[in-house]
Amino acid sequence: MLLDVRPHSRLRGARAVNLNDAVLPVLDAVTASDVDLSRVRVVADWVQYRDNFRGVVQSRRIGQATPDTGGLPPPEPLGVRDDDLEIAVDLRRSGSVRPEELHELTAAALSATGDDLPLEDWGPGSRSCVWDFNALYWSALELWEKSTGRGYEQALPGGESDARNTEAARELILELFGVWDRLVTAQALPDELYVLEIGVGNGGQAKVFLDEFARLDQERGSDYYRRLHYLMCDYSAHVLELARQAVAEHAEQVSSFTLDATRPCTALGFLKYKIFLVYVSNVYDNLPTDEVAQLGGRTYQVEIRAQLCAADAAELAGSIGIGIDRLPDVVHRLLRLGPSLLADAMPDRFPDTGAAVDFWRRAWAAVRLDERYVPLAGLDTYDLGGGTDLGGELLRPLLESGADVRMHVNNGALQSFVDSLRLLHPYGRLVCHDLFVTEIEGYRTHFRGPGKYDGSVVNWVNGPLLAHVGRRRGFDVRYERFRHRAGGGNIVTMTAQARD
Ligand SMILES: C[S@@+](CC[C@H](N)C(=O)[O-])C[C@H]1O[C@@H](n2cnc3c(N)ncnc32)[C@H](O)[C@@H]1O
């Protein structure tokens, strides 16, 4: 048996997890079962998101590749392990569960009794219905926030978007002015100065940027504000309207577009090579992602399936007076129609929109992800997606960078990044504040999502992968811890700029 305890800081210090309490009952239950102990791995993580998709203990089947070797025994490279099963333990919760209960939870995970209610078929993470929940959250944000009584920003790291930070905005604007000043001298500055913001949220950061821009421009007398075109983009019409209201005093300078962050060129292709700044904050971590893994010398894709545990399914179905078998259909209707139309379509189950929102919130809180590892026949068979010509071979140096690793592909973020680079002026840059894993080692030490931020999904972003892709396209990609927040924090700023 292989035991992998991730070296989280919570293993030490005054409030350290007691590993005996948190892991030994799990190991006891595994050894008491009839699984082949030579083919089991136990992984203990600190799942930092209080709201997440996992049970305290969860089992994951590891599929075996069946290569076509023409009847010969398949080659077995040295150091390859063929595990059948992974048992995942959440150290944040397992230490506070009674040992007998933790033992029982593990035994239940091992026996996989099959009374959970799947909401979908198995598939790559980026295709799961959790992304429909995510999109619904942003499109019906007003209803969700009214029901919870709190704004989405309160769920972000530190309770406020770092893009609202005036100091950071000022620094960015002055760098932009520096580039423009040099282009003026060379008589090469275009009349129209484009800045694009992707995923604008409530417009708080757009307002800080525009206020600062106008103030600094006036101070310097540079006449850039009059030539500025600030393009705000989001896929939620509701969010865009909020942002428009937030920057109403800059209306002359602002245009807004409803578009998918993963394909900005669809609507903005006419601005290729014209945009001086693409500004993104807390969006890449909110875009669909797959996960891949290298375990015991073999490569896997992580497949997931959204589901409800039997007790939650019974409670949820009972609350609207339907049988459990109808529940997946009602959940998918909610995702297609949204709460207001769902209440119209099923008035006997949802007397008003509030009742449908309540159902939505309870369903989301209950959603868990079942996971399994499916062998990848070859990395070249894995497509990173979205018509980006990004092939799976790009992942090889990262997957083969040392010991076992499971990491995000961040397909949506990669697509968005690659498409945005096409829009950049030769002297332009893309600046992104987000939760980046900046070294692959970071995937071996800490849990990186998915977690739930209110009604949305959060996954850390694979920085080395984005940097690798950017460099192959001729861009320098740098990461720097966000410097302007008192007390630090997890946010990192990525800057991508064409190489000289
Ligand atoms: C966490 S909020 C961040 C808002 C803001 N940038 C900030 O830092 O506070 C994520 C934003 O991205 C938008 N978003 C998420 N997925 C998107 C997609 N596929 N296309 C366009 N916008 C998306 C959401 O509607 C929301 O406005």
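Leu231 sits in strand E8, which covers residues 228–234; helices (H or I, at least four residues) and strands (E, at least two) are DSSP runs, numbered from the N terminus. The model is a predicted one, so local features need pLDDT of at least 70 and side-chain atom pairs pLDDT 80 or more, while totals for chains, interfaces and linings use all residues. Residue numbers start from 1 along each chain as its sequence is written, and side-chain values use heavy atoms, with hydrogens and water left out.

Back to Leu231: with a relative accessible area of 3%, this residue is buried (under 20% relative accessible area is buried, over 50% exposed, and in between partly exposed, using a 1.4 Å probe and protein chains only). Leaving aside residues up to four places away in sequence, Leu231 touches several others, including Tyr194, Leu196, Phe257 and Ile275, where contact means heavy atoms within 4.5 Å. Asp121, by contrast, is 38 Å from Leu231, C-alpha to C-alpha, and 110 residues away in sequence.

Next come the domains, whose bounds come from an automatic or database domain assignment. Domain 1 spans 1–113, and domain 2 is made of 152–287 + 408–498. Their C-alpha centres lie 38 Å apart, and 12 residues of domain 1 are in contact with 13 of domain 2. Domain 1 and domain 2 bury about 1100 Å² between them, 63% of it on carbon and sulfur atoms; buried area is the accessible area (1.4 Å probe) that two parts lose on being put together, summed over both. There are zero salt bridges between domain 1 and domain 2, a salt bridge being a side-chain nitrogen of Lys or Arg within 4 Å of a carboxyl oxygen of Asp or Glu.

Elsewhere, salt bridges do turn up: the count comes to 36. In one of them, Asp84 meets Arg39 at 2.9 Å, N to O. This pair links loops that are 45 residues apart: Asp84 is between strands E3 and E4, and Arg39 is between helix H1 and strand E2. Asp84 is partly exposed at 27% relative accessibility, and Arg39 is partly exposed at 25%. Arg60 and Glu86 also pair up, with their closest N and O atoms 2.5 Å apart. Arg60 is in strand E3 and Glu86 in strand E4, so this bridge ties together parts 26 residues apart in sequence. Arg60 is buried at 4%, and Glu86 is buried at 2%.

Finally, there is helix H14 (residues 411–421), where 11 of 11 residues are buried. One of them, Asp419, has a relative accessible area of 7% and forms a salt bridge with Arg422, which is partly exposed at 35%.
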